[in-house]
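Reader: I'd like to learn how to read a helix-helix contact. Can we walk through one together?

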Amino acid sequence: MPSAARVRSLWQAYTQLLERRPLATNMATSAVLWGAGDLAAQSLERRSRLGHGAGPAALSQGDAAEWSLNLRRTAIQVGFGSLMWTPTAHYWYPLLDRAARSVAKCGSRRFVATKLLLELAVLHPIFLLAFFGSVGLASGDEPTAIRSQIAQDLLPTLGLEWALWAPIDGAVFAVVPVRHQVLVINAGCFVESVGLSFIKANGITLPGEHSHEDTIGL
């Protein structure tokens, strides 16, 4: 286990990098977190199909022995997180702060509520459309399959996004300085990246529906 002094030293080095090169540092952070999230999602998929799966999606013992990580899928997730999400967030949060300042006093409840409303109503839908579209194209999905997944999964996924991020964003907007918001939100992106990677590969099956893995390839 690293000592407390070692942890403080690493944190200070990281924050110094963040101050000097915020975009590059956040891109590197996102790459690590989104890559780890996809690896975690693939591991969960394998365990689920081996231990509890049923039907054509389940893995047989022989298939399990030959199963390996889809590193191309991981690379695509890393690319989205670092090259699309992070630059967007880098410019979005200062813009969001200026927009909220124009209608409310900084730090007030109205200020936080304005930022939260714009975040949930504007950023999240656009972010999910970009995710399903760009990751689908990079994965080689046909345009019809991408449109089908957006039609089936966008609204349920958006609901899950709001449930996850509403309390996190509210706390971040209330107490975290703008220059550190991408860093803090990136930490939450690990959980999000696990969920989005799983949904992109498997879709969301609501009660009473059948899985649509035949439309979205792993």
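Reader: What should I know about the model itself?

Author: This is a predicted model, where local features need pLDDT of at least 70 and side-chain atom pairs pLDDT 80 or more, while totals for chains, interfaces and linings use all residues. Residues are numbered from 1 along each chain as its sequence is written, and side-chain values use heavy atoms, leaving out hydrogens and water.

Reader: How do I describe the packing geometry?

Author: Two packed helices are described by the angle between their axes and the distance between the axes. Here, the axes of α4 (residues 71–101) and α7 (residues 178–202) come within 10 Å and cross at roughly 140°. The pair is therefore oblique, the class left over once angles under 35 degrees (roughly parallel), over 145 (roughly antiparallel) and 65 to 115 (roughly perpendicular) are taken out.

Reader: Which hand does the crossing of α4 and α7 have?

Author: Right-handed.

Reader: And how many helices and strands are there in the protein?

Author: Seven helices and zero strands, with helices being DSSP runs (H or I) of at least four residues and strands (E) of at least two.

Definitions and conventions:
Axes are lines fitted to C-alpha atoms, for helices over the stretch in contact, and angles run from 0 to 180 degrees between N-to-C directions. A crossing is left-handed if the near helix is turned anticlockwise from the far one by less than a right angle, and right-handed if clockwise.
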